Amino acid sequence: MNAKKESSEPLLTHVRQLHTPTPAPPKVVRRRRPLSLKAKIGLVLGAIVFVLPLTIDIPHLDEPGERMLAIFLLAIVFWITEPIALSATAVLVIGLEVIMVSDRALVDPTLGDAALADQVASYKSYFATLANPVIILFMGGFMIADGAAKYGLDKNLAAVMLKPFPKNARLTTLGLMLITAVLSMFMSNTATTATMFTVVIPILATLPKGKARAGVALSIPLAANVGGIGTPVGTPPNAIAIGALAEKGITISFIQWMILAIPFMLVILFASWVFLSLMFIPKNAEINIEMSTSWNRSFAAVLFYIVAGTTILLWMTEFIHGVSSTVVGFLPVVVLLSLRVMTGEDIKKLDWPVLWLVAGGIALGEGVGATGLGTWMVGSIPWDSFSPMLIVAVTSLIGFAIANVISHSASANLLIPLAVTLAVSLESVDTMTVAVTVAIACSLGMSLPISTPPNAIAYSTGEVKVKEMATLGIVVGSVSTIVLVLVMPPLWQLLGLV
C-alpha cells in the first residue's frame, strides 16, 4: 500500500504542475531615452516661434498666412533640432494645417472676412498628400528594393558587376562606387549602403589600417548619395521636387529626370573617385575579392525578377507608352502582393517614415501656396533684382549648406516648396530648373555622420574619422554644387531639356 502511494507521488506532482498556471514573464519596461540638450532647446524654441506669428500682427500677411507661418517656423525648428522624429514632424504639419488653415479648421481662418476665402484650402487636400502619386511612386521603389534584398538580387548583382575589376585598390574602389551608384538609383541610399557594406567589410580587412581603409569605406556613402540623384525614386528630395512641381501643374517623367540628372551624376562620381583615390588610396594597394553568386531560382524569386525588370523598363520607356511613372510605380505593389511574392510582413518593412516625411513636405508646400505665405515670403525679398543664375545659386547653396547639418529630406521639405513658389512668381526663372537644382543640391550635403544615414553607417565601421569625412564631403559637395549651379542650367537650356 505504501509502495503504491509512493509510486503515485510523481504522477500527482506532475498533474499539479500541469494545472498550476505558468507565471507570466516579467514585463520589459522600455524607458524613453531622455531628450538631449539640443532637443530640449528645440521644443522651447519651437513653441516660441509657433506662438509669435499668432500673437503679433505680421505686416502685409493675412490671418491664414500668419497661421501657416507659425506651422512653417515650427517645422523648421523641429526638423533641425529633432525633438521628435522627422516623420512625426511631417505628420504634425499635416495635422496642424487641417485644424488651423483648412476649411474644417477649429477657428475660421478668414475670421469672417469673405475676401480671404481663396486662401483657405479644403482639408481633403492636406489629407490627400498621404496618398499623393509621388508617395505611390516611392512605395513602388521601396517594394522593389525590399524584394531585391529578400531574394538576394542586390548581392548577386554586386558580385557580377565586381568581376570585371582587377585587384588594384583604386580600380576596385571605382567598381564599388559604380555598383553602389547604380543600386542607389532604384533603392534607398540607406538600404544600398547597408547592402554594399556586407561586401566591403571583408575587403577592408585585406587592406592595411589607415587611409586606404578609410577611403574604401567612404567611397560607399559618397556613391550612394551621388547615385540617388539619378532617378525620381533614388532619394526623397527628388520626389519632393516632383511633387512640388506637380502642385504647380508641371510634370517631369521618369526618363526626363534621368536625362537631366545622370550626366551630372556620372561626372561628379568620376571626379569624386579621382579625388578619393589621390587623397586616401595608395597607387600600389591591392584588394583581393572572392565573391560568388548564388541566384535564388524559386518560383517566387523568378516572378520577382520579372516584375522588377518590367517595372524599371516601363519607367525608362515612359516617353514611348505614355503611362505615368507614378502609375507604373503602383504595378510592383499590386502584382507582387497579389502573386504572394511579397506578403503583409514585407509591407511592414517598407520605409514608412520616409513616405510620411515626403507627404509632410508636399503638405507644407500645399499650405505655403494656398494661404498666401509663399507670395508674402517671395515679396519680402527683391528677387526681381536678382539674375536667374543668382536665384538658382542662392537657393541651391542654401540647400547644400543646411543639408550638411540636417537630413536631406528635411532640407528639401523646407526649401523646395519656397523655391518653386518663388520661381513661379518670376517670369525670368525656369521653375523646373530651380526645383531640380535645389533637390540635387540637398543630396550633396554629406560632410558629417549626421548629414545622411549612409554617412552614419560608414562612420559606425570605425574605419573613418570625422575629419576625413568632413574633408571629403566639403570638397566634393562644394565643387559639385558650383558645377550644378554654373554649368547644368545653361547646358539643360542648350539641349532643350528645360
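In the predicted model, E82 is partly exposed, because its relative accessibility of 39% falls between the limits for buried (under 20% relative accessible area) and exposed (over 50%), as computed with a 1.4 Å probe and protein chains only. E82 is located in the loop between α3 and α4 (86-100), where helices (H or I, at least four residues) and strands (E, at least two) are DSSP runs numbered from the N terminus. Although E82 is not a glycine, its phi is positive, at about 55 degrees. Most residues other than glycine have a negative phi. A positive phi, of about 65 degrees, is also found at H60, likewise not a glycine. H60 belongs to the loop between α2 (37-55) and α3 (63-81), and with a relative accessible area of 80% it is exposed.

Residues are numbered from 1 along each chain as its sequence is written. Because the model is predicted, local features need pLDDT of at least 70 and side-chain atom pairs count only at pLDDT 80 or more, whereas totals for chains, interfaces and linings use all residues; side-chain values use heavy atoms, with hydrogens and water left out.

The protein contains 24 helices and 0 strands. Its C-alpha trace spans about 105 × 65 × 50 Å along the principal axes. Of its 498 residues, 51% count as buried. Contacts (heavy atoms within 4.5 Å) with a separation of 6 or more are formed, in 77% of cases, by residues 24 or more positions apart. The protein exposes about 23,000 Å², of which carbon and sulfur atoms supply 67%; accessible areas come from the Shrake-Rupley method with a 1.4 Å probe, and for residues only the protein chains shown count as cover. The mean positions of its 29 positive and 27 negative charges lie 19 Å apart. In that count Lys and Arg are positive and Asp and Glu negative, while His and the chain ends are not counted; each charge is placed at NZ of Lys, CZ of Arg, CG of Asp or CD of Glu.

Nonpolar cores were defined as sets of buried Ala, Val, Leu, Ile, Met, Phe, Trp, Tyr and Cys residues joined through side-chain atoms within 4.5 Å. The largest such core has 115 residues, and F304 and I416 have the most contacts inside it. Helix α12 (residues 254-280) contributes the largest share of this core, 14 residues. With residues up to four places away in sequence not counted, F304 touches M143, I144, G147, A148, Y151, L153, L336 and V341.

F304 is also part of an aromatic cluster, together with Y151, W295 and Y305. Rings of Phe, Tyr and Trp (its six-membered ring) are paired if their centres lie within 6.5 Å; planes under 30 degrees apart count as stacked, over 60 as edge-to-face and the rest as tilted. By this rule there are 6 aromatic pairs. One of them, formed by F254 and W315, is stacked, with 4.7 Å centre to centre and 5 degrees between the planes. Because F254 lies in helix α12 and W315 in helix α13 (residues 299-316), this pair ties together parts that are 61 residues apart in sequence. F254 and W315 are both buried.

Three further buried positions were examined. G234, in the loop between α10 (211-227) and α11 (236-247), counts as buried at 2% relative accessibility. Neighbours within four places in sequence aside, G234 is in contact with S184, M185, M187, S188, N189 and G228. The C-alpha atoms of G234 and L418, 184 residues apart along the chain, are separated by 22 Å.

T395, in helix α19 (residues 388-403), is buried at 9% relative accessibility. Beyond its neighbours within four places in sequence, T395 is in contact with L415, A419, L422, V434 and V438. A C-alpha separation of 9.8 Å was computed between T395 and V485, which are 90 residues apart along the chain. V199, in helix α9 (residues 189-204), counts as buried at 8% relative accessibility. V199 and K155 are 44 residues apart in sequence, and their C-alpha atoms are 7.9 Å apart in space.
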